[in-house]
Amino acid sequence: RVACAHLVDGRARPSAARARRRAVRWTVVGVGVLFASVVIGLFAGAVRIPPAGILGWMAGDGGLSEQQRAILAQLRLPRVVLAGLVGAALSVSGCAYQAAFRNPLADPYLLGSAAGAGLGATAVIVLGVADAPLALPAAAFLGALGGVGLAYLMATTRAAGRTSTSLLLAGVAVASFLTALQTYVQQRNTDNLREVYAFILGRLGTGGWHEVLLALPWVALAAGVLLASRRVLEVLSLGDLEAASLGAHVARDRAIIVIAASLATAAAVAVAGLIGFVGLIVPHAIRMATGASYRLVVGLSLLFGASFLILCDVLARTVVAPGELPIGVITALIGAPFFALVLRRSGGAR
């Protein structure tokens, strides 16, 4: 018996050690990719600034001109930080939704948050108060949370309770209803269509430090909750019955995770508009590449999600330079084929 215990321990310890080494290795890779993405994001722009000068500026060296330092500090850096913040929020939210609903095709806009944010933004644009301080982000934020809250309210009226299936169906119904309302409002106010579509397709060009400070507390709070819930996500990904048999409070735990993920999504939408596919692409790509569990994927989603959207924003700024594409177009061009690939793999697995 002692020999068997020693053998089991001898096998378990290297396995745990390998898991730790893999986590450290992928975390280092994620930090490195994020740093490289930030440098590339600072380099991209109409005014050419040498990469060596950018690195020196990041290290505190004063080798750049006053104009170059102003461009980096007031224009490019806040845009890069905002892109990273939004990408991390959408990616970690998608990871949480995919685990909570056991659906690899789930994304942060699943429960009507996108439709609610779109309706809120459309309302303030049509009313002519979008230029008032905080009016547009506040309306989008409240609309996104309202859409999720309405979906949750509908799900609780079902006899089955807040199961993953009832929440998904309620989310689809709420999203369809709010999208119909938004379409009606748009058709009644066609003079504002350009501004509405600018929000719907996503925007980072108008972002600055003000938007970063608006979103940062909410994203940090939600990310902290989701990082602390990594083991719960792993259990929920097994299914409701299995999770309950392991001692999880399924309805309560799913509610906490959905609220945190929706909060991060609402904050991202409020400052950057609707940017699709990020929460679908990044977590699934990480799982495909690492084969890791949600205990590792949640943290990596923050790092690689930030890097992904920073690089997408670089493409949006440079593909048709000196013009600029909506960043939602870039993520859709990447995400649609990826979505088809995931759908095919999921169907093959079933």
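Gly118 is in contact with Gln182 and Phe199, leaving aside residues up to four places away in sequence. In this predicted model, Gly118 belongs to helix H4, which covers residues 113-127. The chain as a whole contains 14 helices and 0 strands.

**Surroundings of Gly118**
- Gly118 has a relative accessible area of 0% and is therefore buried, the cut-off being under 20%.
- Between the C-alpha atoms of Gly118 and Ala144 the separation is 8.0 Å, although the two residues are 26 residues apart along the chain.

**Overall fold**
- Read from the N terminus, the elements run α-α-α-α-α-α-α-α-α-α-α-α-α-α.
- The radius of gyration is 22 Å, close to the 20 Å given by the globule rule for 350 residues, so the chain is as compact as a globular protein of that length.
- The C-alpha trace spans about 75 × 55 × 35 Å along its principal axes.
- Of the contacts with a separation of 6 or more, 74% join residues 24 or more positions apart.

**Burial and surface**
- Of the 350 residues in the chain, 47% are buried.
- The chain exposes about 16800 Å², and 66% of this area is supplied by carbon and sulfur atoms.
- A nonpolar patch on the surface is formed by Leu315, Val319, Val320, Leu333 and Ile334, which together have about 420 Å² of accessible area.
- Leu315, one of the patch residues, is located in helix H13, residues 294-318.
- Leu315 counts as partly exposed because its relative accessibility is 38%, which lies between the limits of 20% and 50%.

Notes. Residues numbered from 1 in each chain as written. Predicted model: local features only at pLDDT ≥ 70, side-chain atom pairs only at ≥ 80, totals over all residues. Heavy atoms only, no water. Patch = residues over 30% accessible without salt bridge, like charges linked within 9 Å, V, L, I, M, F, W, Y side chains within 5 Å. Areas by Shrake-Rupley, 256 points an atom, 1.4 Å probe, with all protein chains shown as cover. Salt bridge = Lys/Arg side-chain N within 4 Å of Asp/Glu carboxyl O. Helix = DSSP H or I, 4+ residues; strand = E, 2+ residues; numbered from the N terminus. Buried < 20%, exposed > 50% of the residue type's maximum accessible area, 1.4 Å probe, protein only. Contact = heavy atoms within 4.5 Å. Rg over C-alpha atoms; globule rule 2.2 N^0.38 Å.
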